Amino acid sequence: MYQALLEEIFHAYPMYHKVGSSAYKEGLENIEALLKIVGNPEKKLKAIHIAGTNGKGSVAHLMSSYCQERHLKTGLFTSPHLVDFRERIRIDGEMVSEEQILEFFKLYKPQIDELQPSFFEITTALAFWHFATQKVDIAVIEVGLGGRLDATNVIRPLLSIITNITLEHTHLLGDSIAKIAMEKGGIIKKETPVIVGEFHPESYPVFTDLADKHNAPLFLAEENYTIEGDLNDCTIYDVMGNVMYEHVNLPLSGEYQRKNLKTVLQAIDVLEELLPYDKDVTVAAIENVIQNTGFTGRWQILRQEPLTICDVGHNVGGLTLTMKQLSALPCRKLRMVFGMVADKDIDNILPLLPKDAKYYVCQANIERALSCEELTTKLRCYNLDATEVGTVEQAIRSANGDAAPDDILFIGGSCFVVGEALGLRQQA
């Protein structure tokens with residue numbers, strides 16, 4: 001029954017991560033009407049709201065881990081899922097049950113069908129209903145897309161966080177950093193503290209203006225925290241800021257996680273007024289983030305020989321950092337299982353890719369996926385050694401078949417490529 005329902009909602013409601021911008025509904029009227037149908041659960045939630053181009057998923061999971069270590073019953077809402085739809089909605093790391101999803105649709109499906117919301121609006125309502133029904137102490141809510149008009153932007157949070165701004169979804173959010181900052185800055189609320197993770201000369205003035213307008217205290221994380229560590233071991237850090245931390249073990253091993261860690265520590269500082277500070281709790285939250293939240297897909301090591309890494313970075317900002325770290329790793333041959341969706345900034349992404357790698361081009365099983373043929377042609381235009389393979393599974397099998405133990409195999413380019421790879425791993 002659950003699988004039949006899941007297939008129905010996947011196909012009946014417009015789903016951005018499958019079909020792209022045609023599923024994006026601008027405005028809050030639909031979600032407000034839908035939440036009224038399900039009893040306005042958003043009004044019962046204490047929440048932390050997180051937007052940004054890159055890093056918001058990592059920050060959301062770290063903030064959830066922190067709240068869990070404070071012994072707060074913690075809801076976590078993120079998107080998209082990688083393998084299982086239920087990944088999007090968790091309480092204390094546990095995914096929402098199939099029975100609870102069935103109960104939601106049993107209660108409200110006729111009204112939902114009449115309203116015809118988007119898939120993300122339905123998922124948001126389901127998450128808020130689940131969190132309110134289960135009486136969470138706090139909910140960590142990741143924005144789906146943008147901020148100002150995102151379905152999650154009906155909450156009145158305790159704290160707003162904006163990780164960073166780079167160019168992405170320009171056809172929906174605007175064609176400049178300042179315009180995108182205005183959209184993402186739409187989560188800034190009256191007299192509600194806001195954390196900005198990174199300074200950018202075009203976005204930061206937008207955030208300061210919005211914060212002033214709303215009388216919202218603003219904190220710039222990278223101004224207040226410095227993180228040092230060995231580039232060859234991107235998990236052990238010394239942190240300098242309002243509080244000093246020595247040899248903190250962050251199991252999210254992407255070098256880019258330094259930026260996210262600064263943002264989280266600044267957020268914890270601001271939350272100190274609500275939750276008395278405890279250094280040991282903060283360290284435990286960082287070190288236990290994976291087991292507390294089930295976080296996957298960020299510079300995740302799947303195998304040691306050949307060293308196999310997957311990462312969901314898929315835009316210029318994310319791939320710039322990921323490819324820098326990947327290119328610094330010593331190996332005999334770098335092999336890339338690579339696929340993209342068609343609406344990404346391909347011509348600005350491809351120059352970031354390693355020149356001496358072998359590319360096994362694949363196509364994820366979604367409508368938005370760029371065809372193997374077109375992506376292979378594009379890669380070859382940049383003088384990259386690309387072979388058109390087919391499915392994600394075929395590409396992984398082909399790359400593994402060619403790889404020596406001292407090669408590196410990287411799987412990425414798209415959340416959906418990584419999701420399929422992780423799904424295959426679970427089935428093995």
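Visitor: Which residues is Val417 in contact with, leaving aside its neighbours within four places in sequence?
Guide: This is a predicted model, in which local features need pLDDT of at least 70 and side-chain atom pairs count only at pLDDT 80 or more, while totals for chains, interfaces and linings use all residues. Residues are numbered from 1 along each chain as its sequence is written, and side-chain values use heavy atoms, with hydrogens and water left out. Contact means heavy atoms within 4.5 Å, and by that rule the partners of Val417 are Gly339, Cys362, Ala364, Val392, Ile411 and Gly412.

Visitor: What distance separates the C-alpha atoms of Val417 and Val392?
Guide: Val417 belongs to helix 18, residues 415–427, where helices (H or I, at least four residues) and strands (E, at least two) are DSSP runs, numbered from the N terminus. Although Val417 and Val392 are 25 residues apart along the chain, their C-alpha atoms are separated by 6.3 Å.

Visitor: Does Val417 count as buried or exposed?
Guide: Buried means under 20% relative accessible area, exposed over 50%, and partly exposed in between, using a 1.4 Å probe and protein chains only. Because its relative accessibility is 1%, Val417 counts as buried.

Visitor: What is the order of the strands in the open sheet of 6 strands?
Guide: Two strands pair if DSSP finds at least two bridges between them, and strand 14 (residues 334–338) and strand 15 (residues 358–362), for instance, pair in the parallel sense over 4 bridges. The pairing in the open sheet is mixed, and its order is 12-13-17-14-15-16.

Visitor: Which side chain does the side chain of Asn164 join in a polar contact of 3.1 Å?
Guide: A polar contact is a pair of N or O atoms within 3.5 Å; within protein, one must be able to donate a hydrogen and the other to accept it, and residues adjacent in sequence count only if both atoms are side-chain atoms. Asn164 sits in the loop between strand 6 (159–162) and helix 7 (170–173), and its side chain reaches the backbone nitrogen of Asn54 at 2.9 Å. The side chain joined to Asn164 at 3.1 Å is that of Glu198.

Visitor: How many of the 15 residues of helix 6 are buried?
Guide: Helix 6 covers residues 119–133. The helix is largely enclosed by the rest of the structure, because the number of its residues that are buried is 14 of the 15.

Conventions:
The expected span of a helix is 1.5 Å times one less than its number of residues.
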